[in-house]
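Please look over the structure below before reading on. The report that follows it walks through selected parts.

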Amino acid sequence: MERTMEELVPIVGKLAEKYTAYEHTSMPYEKAEQLMQAVLYCIHEAESSGQGGAVADGKATAQQIYEAGLACVEEKAKKALSLYNSITPSFSYYGNKCLHDTVLKGMPEFFRWYDMEFCPQDTILTLDYPVLEDISMYTGVDKVYGFLTCIQMEQEFLGMFPEEYVRGVLARHDSQYEDMVGNLCEAVLVDVAGHVLAGKPFLEGKLTEEDCQKIQELWETSGVPGMRKKIGPMPAMFAQAGTGSCSGLPEYLFGALENILARLGTAAEHGTVSNLF
């Protein structure tokens, strides 16, 4: 439902009065624009979640929708904090500074400074650690909640393996993995997928040239579809092996595996499978 400026300006005006503590009648254009974006963010939040019958059926006023949206933002901020608090007690960053700093240093600053009333659209953090799901279209608490959901799933997945195995894979992936700005989960998935395709237990160490040749031969005989068929059960297998706290884990891993398959196919086409391991 699109709202006209005529409907939105009074809401922004009330918010501006509250922002200035009812002491000023004017404010910089940039601040007024920020407050307009705050109102639009809340309205979008309400309409996308369908909070309340009046909002859902289009009978609510813009003011009512804004208030419902603000309540949604407040509730999502509480859920994000609760999720963060559930992640941190057993959180492991495997020596990677980017993951450590983003989650353990940056995230508390978001919860400390997030202004859900006057600037809910502000993500505050750059979220430097790259997760496997595209969350670039989100801002504010929507982006932070999406990011934390991804981190929860990645911690669930990585926690299925011994820490020394994960660190070993990361070291083979990048000798300076402590300083790399890359996704840890993806590096481990590449290694696990390679072992599955080669028919080798993944805890037996680095793939040999013979193992990589098996992957090459699989690609030559059945292509990417054949490799996909062989590693297809992996996401469901890991979901069953986990604690069950992340319902979206299979879908999260499946998306990453599709990218890995494409890379494996390209490497096999050029005879460079061993370079991935």
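This is a predicted model: local features need pLDDT of at least 70, side-chain atom pairs count only at pLDDT 80 or more; totals for chains, interfaces and linings use all residues.

Residues are numbered from 1 along each chain as its sequence is written, and side-chain values use heavy atoms, with hydrogens and water left out.

## The core

Start with the largest nonpolar core, which has 86 residues. A nonpolar core is a set of buried Ala, Val, Leu, Ile, Met, Phe, Trp, Tyr and Cys residues joined through side-chain atoms within 4.5 Å. Buried means under 20% relative accessible area, exposed means over 50%, and partly exposed lies in between (1.4 Å probe, protein chains only). The residues with the most contacts inside this core are Met107, Phe147, Ile151, Phe157, Val188 and Leu189. Helix H4 (residues 62–87) gives the most to it, with 11 residues. Helices (H or I, at least four residues) and strands (E, at least two) are DSSP runs, numbered from the N terminus. In soluble globular proteins, nonpolar side chains tend to be buried together.

Phe147 shows some of these contacts (heavy atoms within 4.5 Å). Not counting residues up to four places away in sequence, Phe147 touches Thr102, Val103, Met107, Leu127, Tyr129, Val131 and Ile135.

## Two residues of H5

Thr102 is found in helix H5 (residues 97–113). Thr102 is buried because its relative accessible area is 8%. Its side chain reaches the backbone nitrogen of Tyr129 at 3.4 Å. That is a polar contact, meaning a pair of N or O atoms within 3.5 Å; within protein, one must be able to donate a hydrogen and the other to accept it, and residues adjacent in sequence count only if both atoms are side-chain atoms. Leaving out residues up to four places away in sequence, Thr102 touches Met107, Leu127, Asp128, Tyr129 and Phe147.

Val103 also lies in helix H5. Its relative accessible area is 0%, so Val103 is buried. Beyond neighbours within four places in sequence, Val103 is in contact with Tyr84, Phe91, Pro108, Phe147 and Ile151. Val103 and Thr88 are 15 residues apart in sequence, and their C-alpha atoms are 8.5 Å apart in space.

## The loop between H5 and H6

Ile124 sits in the loop between H5 and helix H6 (140–158). Leu127 is in the loop between H5 and H6 too.

Glu117 is another residue in the loop between H5 and H6. What joins the side chains of Glu117 and Lys18? A polar contact of 2.7 Å does. Apart from neighbours within four places in sequence, Glu117 is in contact with Leu15, Lys18, Ala38, Tyr66 and Leu70.

## H8 against H11

Helix H8 (residues 184–198) packs with helix H11 (residues 249–269). The angle is about 65°, and the axes are 10 Å apart. Axes are lines fitted to C-alpha atoms, for helices over the stretch in contact, and angles run from 0 to 180 degrees between N-to-C directions. The crossing is right-handed. A crossing is right-handed if the near helix is turned clockwise from the far one by less than a right angle, and left-handed if anticlockwise.

H8 brings Cys185, Glu186, Leu189, Val190, Ala193 and Leu197 to the contact. H11 brings Leu253, Ala256, Leu257, Ile260, Arg263 and Leu264. By class, there are 10 nonpolar, no polar and 2 charged residues. Here Ala, Val, Leu, Ile, Met, Phe, Trp, Tyr, Cys and Pro count as nonpolar, Asp, Glu, Lys and Arg as charged, and the others, Gly among them, as polar.

Leu249 is in helix H11 as well. Is Leu249 buried or exposed? Leu249 counts as buried because its relative accessibility is 1%. Setting aside residues up to four places away in sequence, Leu249 touches Met153, Glu156, Phe157, Met160, Phe238 and Ala239.

## A residue of H1

Ala16 is found in helix H1 (residues 5–19). Its relative accessibility is 15%, so Ala16 counts as buried. Not counting residues up to four places away in sequence, Ala16 touches Met27 and Leu35.
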